[in-house]
Amino acid sequence: MALKIVKGSIDRMFDKNLQDLVRGIRNHKEDEAKYISTCIDEIKQELKQDNIAVKANAVCKLTYLQMLGYDVSWAAFNIVEVMSSSKFTFKRIGYLAASQCFHEGTDVIMLTTNQIRKDLSSPNQYDTGVALTGLSCFVTPDLARDLANDIMTLMSHTKPYIRKKAVLIMYKVFLKYPESLRPAFPRLKEKLEDPDPGVQSAAVNVICELARRNPKNYLSLAPLFFKLMTSSTNNWVLIKIIKLFGALTPLEPRLGKKLIEPLTNLIHSTSAMSLLYECVNTVIAVLISLSSGMPNHSASIQLCVQKLRILIEDSDQNCEPSVNACMKYLGLLAMSKILKTHPKSVQSHKDLILQCLDDKDESIRLRALDLLYGMVSKKNLMEIVKKLMLHVDKAEGTTYRDELLTKIIDICSQSNYQYITNFEWYISILVELTRLEGTRHGHLIASQMLDVAIRVKAIRGFAVAQMATLLDNAHLLTGNTQRNGICEVLYAAAWICGEFSEHLEDPKQTLEAMLRPKVATLPGHIQAVYVQNAAKLFATVLRSQESTPDTTAAQETSQLMIDRLPLFVQSANLEVQERASCILQLVKYIQKLQQKEVEVAEEVTALFAGELNPVAPKAQKKVPIPDGLDLDAWINEPPSESESEDEKPKAVFAKEEPKHTRSRHSEVDEKELARRREARKQEQANNPFYIKASPSSQKVYQDTPGVEHIPVVQIDLSVPLKVPGMPLSDQYLKMEEDRRQKEKDEKKKKEKKRKREKRARGRHVDSGPESEEDITPAHHVDIVTEEMPENALPSDEDEKDPNDPHKALDIDLDKPLTDSEKLPTRTHRSADVLKSPGGDGDGVSITGEPKKKTRKEKKEKKKAKDKERTRSAEDKKTKKKHKHDPEEEEANIHEVVTLVKADETQSTEPLPPSVSAGASDLDFWLTSDAAPSAIQEAVAATNTEMPTDADLGEVKDMEPEETKSKHKKKKLKKEKEEMEKKKKKKRHHHHRSDRGEAESVQNGTMEEDDEEPLPPMSNYCLLAENAYVKMVYDIQGNLQDGSQVVVSIIFQNMSSSFLKSMEFNVLDSLNSKLQRPEGATPHDGLTVPFQLPPGVSNEARFVFSVQSIVMPQKLKGTLTFIVKSDDSSTHEKLDFKLHFTCTSYLITTPCYSDAYAKLLESGELKSSSLKLEGVTMPFHHLLARICFHHHFSVVERIDSCASMYSRSIQGHHVCLLVKTAAETVSIDAKCDELMLLENVLEEIKQTFSQS
Amino acid sequence: MIKAILIFNNHGKPRLSKFYEHYSEDTEQQIIRETFHLVSKRDENVCNFLEGGILIGGSDNKLIYRHYATLYFVFCVDSSESELGILDLIQVFVETLDKCFENVCELDLIFHVDKVHYILGEMVMGGMVLETNMNEIITQVDSQNKMEKSEYPATAQGFIPTWLLFKAGQPDAQKVSVLLVLLEPLLVLYQQ
């Protein structure tokens, strides 16, 4: 055995470590892959070793290989093994590996839950830290749900290092498990005011991240953030907050007003560029949100723009050039924000922006491009686009060029081609763009061509001519085989030529171009359009040919179709095939008719008659569903399920053929078709929901009575149309300039005339620069806007991505928590852990409700309690706003009332809706125009008045509202005391009803479904209390360190004063000592790391070291604290006795039945036994209670007999065999330490005698 | 949110990659390649911001990078982060590395990538900025290293992760001490 170990160890020495691996890879540059594969084989061997150090080394190497792109998911289980090592060194390696390669699909993650939980509660802060860091990378919905409560507890950890990590990871938990947001939010909010700046920053970070996605839910936090903004000095925090305000201001313009001043102050005072920039950005957002048009605000905008201009053009000689470039970039970025609402202010800096277009930096050029969108006017559009076209030619990278292309199209097409005065120019720009090689945006150009041709009737003739040229030269576009994208243009070209074929000069030639064999190499959907439109062209050609006496020409055309179409009939694409064969048959039929010398052209054209108008992309969705129409209802009886398979083909057609729905009927007999069309027209006329031909655009273009009546203006074609492949646009530009010059001249003449007239009247007017309105479009253009159904719904909700994980976090946080919203807790830590530190005024005492209570009462109580909880964090804030006290007090009273439950008369008092309370808080904050300091003073004044008033009892000259509140307050105090007493009683009462069923699921005792669910239990018991503070505690063993226990104490402020400087001290015994920081004497107390506002509770943990654990013992201690009321502060103290039971040294440890059997067989255990009489509770409840209160786990349960196991922190095994028969429970127990065992049994006995 | 942090050298060799969203290994490599391609072709004096590539994120994302000697430090972030703030953060990161490794150079990152991960873990957690104060970061990193040393004093065990002693010891001396420790069981056996 020893030899084997030695041999193993020596082998291990030759294992590579990470450095050896890296070195090896560097030395094997030629055959790296081969070398790595041998290394992986070695690693696989190493992972089979038992030695955890070897495994950790192997995992460490795997992490490196993962970075190089090797899949290491096969080692996931080994990673988990290394993670669960007790040594920090290995644990860290394990968690790093896990964070690099675990994800939601990794199934071993399921196995990690308990390990992570153990690490989270480790007394070593770095174990916890490493677990949190790792978890943040691979948290899954399951982990989030199971661990949410543990992490939430960590948010109040004593160490800021853990607190900040716990706070940060909550964001990930929220994302994966949105239900946790509401229960956890109050505590998260508390952390905004954490004394540690790191924790504060983390909380700000998380809330900002949450608020960015759903800002409206966080509006009520504005006052708190405002306070932080004016007090914090941490730039990182400030930036986050200011960014958050930027997101909030659009929702609440009043907020903006409040912000302007502090923001401007910051701009002036800060030296950090990053902060300054964010301030400017938020000021912009504020100014945008405020109603524009107010003169002073437009001045502020100007100021911002000026500042940004300095950023953009000023190069600081002291900075790195790249930093200057960054400033330039950001300046442009901020400008683009202003642009959206205040285009005019940006337009004056056009020179600067155009200059940036020539910057050598692509990022800056892109930003400048964004700005161009708002720079254009009728006057300069052509000029700007010309400049961009030059850039397109020069651009080397496809990304930038594609960006340019989309920008050109965006700029030109914005607001219904508002700035285009000459559409011939635009079409030729589009045609020029088709010459771009390898662009991704063919479809964009295509849709523009279609759009312009359809919407601008006047341009159709020109467009068709250009498209015919394109079709003729299709080989140029498709030349380099399938250059994806750009051939999409042919789709548009073919459709335009077919649809508007009446404008074609030589349709026959185009028809031939469309039927070339080369077309068969195009993508299927384009071929389909080709075939369809060839048919349209055919109709046109026939018509023109039949009008001449020569019939052979028409027959030749038919022959041409019959010759070429079979090529398409053979197409692999179904759509092409179907259309081609339909049309082929049609043409064959026509040919027959032609041979009989029948004139067919008229009827063939009728196939394609009718106007197609554009329909808005979302029009269909916007049609409101008429009353009484249930879209989900079956029209016919549902078919038997076997037939449901043939529903699919629909989608294929809809997808490929969006514009040609008409053609579906093409094979139907002519007369039938005409009849149907007539019928349909009739139907449409009667159908109010049909999208009618007369567009809603009439409102916009008042002078267009209907599409049918648009006067189509004859275009004077002064430019030769067929110039294949030459840049036409320049000519247009020149023409346009000439034209404008001419117009200008004419105008000037008129002007002069007028001037002369005016001068005669004695006034001098300068003609000034040419203004927007002076430019008239080259041709009168009618733009048909897209149609929308008449009563379209205005809402536009369809932009949200349903898969966005943040959508689930759109949760109202102001609403009080309901009963069902608790985080799932690991049961033996019980719901109290969650409840009480959350600032719940009475968390501990109300662990479960007596079943007698009516449901309504329960609900009310919960509500009041929850309200208390959500509000407690704000207490400081609300304190300053005494005007709202009545509401608050009312809530308090209500709480008392429902708790005391005896006083029926008061319980009818209405519960103020807390939402409105929150909202009114915000309103108050927003409407108060006075500076915050003034408010504080005012509040301070009322505060000092308070106590005397209350003593006097009745003060008539006070505001009635306030007096009332004071009355209530007094009443409240009395009631509270009363309540306290009752609570105590109730707690005993509880214990009886509180038959904890807790560990059930985990331990497998909950097998029957009919077992009744149980109220939560608590291990926290009262430590001490007085009028100021109440302490409850729980002791947990620490698995990592055999000599330590952790005492969690919840401090609850019972008074109406502020508690601070709390110091916790214990008189150490020989056996047990409080762990104090290094250098402290045994008489020094530990400072409790928080202060307590009235009604708030918080949890602190203290670590004790113990030597012997076999005996229970008690430690005396004292808590000293300062009570700070409004006018005085007093020192107070509270003595207590900490009771360390033997149970508290036990740790719930799962045990497998075979291991358990071995343990019992080993014979090393001493035994003892216990009998309990008169136990009436069900057996599973009994087990659950033992599990919960005494940290056991169930190994096996058979009927009324169960074996249980637990382990002490020093490794003693404790085994129980619990049997029950007729109200008698007998427990046989074994343990390697008899004393410990007997004490534990004694404690178990006590637990059950209490109940 | 920070979506990813990448460090690669002038030739595009990855020195550290940390993705805060899951991608397959292949995609990760592709992203690194794409990012390198985007970043490396830029001049020294142009700005440090770049619209994100196609693979990682979408239009909302930005690449923010800095070039130090042979290494590129690239952060891919979304719009909730301040650009200049992240630029500062990169500076803090590099300075922290410099303190921890004493004049950091590419070799340190090559051989101690795990160490770099641990340092980064104290700055950024799950894509959110955890700590920006360099001293605080160094304190935490140091005390964790101390913990490791206490678990593994150089002579007390059979296996030493060499990076524990990074920059300190010489590999040969280590191997000798390891050998001695490994022989210990043999000696025990002999005595029996």
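Tutor: Across the interface of chain A and chain B, the rule finds seven salt bridges; a salt bridge is a side-chain nitrogen of Lys or Arg within 4 Å of a carboxyl oxygen of Asp or Glu. D78(B) forms a salt bridge with R213(A), and the closest N and O atoms of this pair are 3.9 Å apart. The model is a predicted one, in which local features need pLDDT of at least 70, side-chain atom pairs count only at pLDDT 80 or more, and totals for chains, interfaces and linings use all residues; pLDDT is the predictor's confidence in each residue, from 0 to 100. Side-chain values use heavy atoms, with hydrogens and water left out, residues are numbered from 1 along each chain as its sequence is written, and chains are lettered from A and ligands numbered from 1 in the order in which they are written.

As for the interface as a whole, 78 residues of chain A are in contact with 73 residues of chain B, where contact means heavy atoms within 4.5 Å. The area buried between chain A and chain B is about 6,900 Å², and carbon and sulfur atoms give 60% of it. Buried area is the accessible area (1.4 Å probe) that two parts lose on being put together, summed over both.

Consider next chain B itself. Chain B has six helices and seven strands, which are DSSP runs numbered from the N terminus (helices: H or I, at least four residues; strands: E, at least two). From the N terminus on, the order of these elements is β-β-α-β-β-β-α-α-α-β-β-α-α. Of the 192 residues in chain B, 60% are buried, that is, under 20% relative accessible area with a 1.4 Å probe and protein chains only. Among contacts in chain B between residues at least 6 apart in sequence, 51% join residues at least 24 apart.

Confidence in chain A must also be considered. The mean pLDDT of chain A is 73, and 68% of its residues reach 70 or more. Confidence in chain A is highest in helix α10 (residues 160-176), at a mean of 93, and lowest in helix α45 (residues 1000-1003), at 39. Over residues 984-1012 of chain A the pLDDT is below 50, although this stretch has 67 contacts in the model beyond near neighbours in sequence. Where pLDDT is low, the predicted coordinates should not be read in detail.

Notes: Buried means under 20% relative accessible area, exposed over 50%, partly exposed in between (1.4 Å probe, protein chains only).
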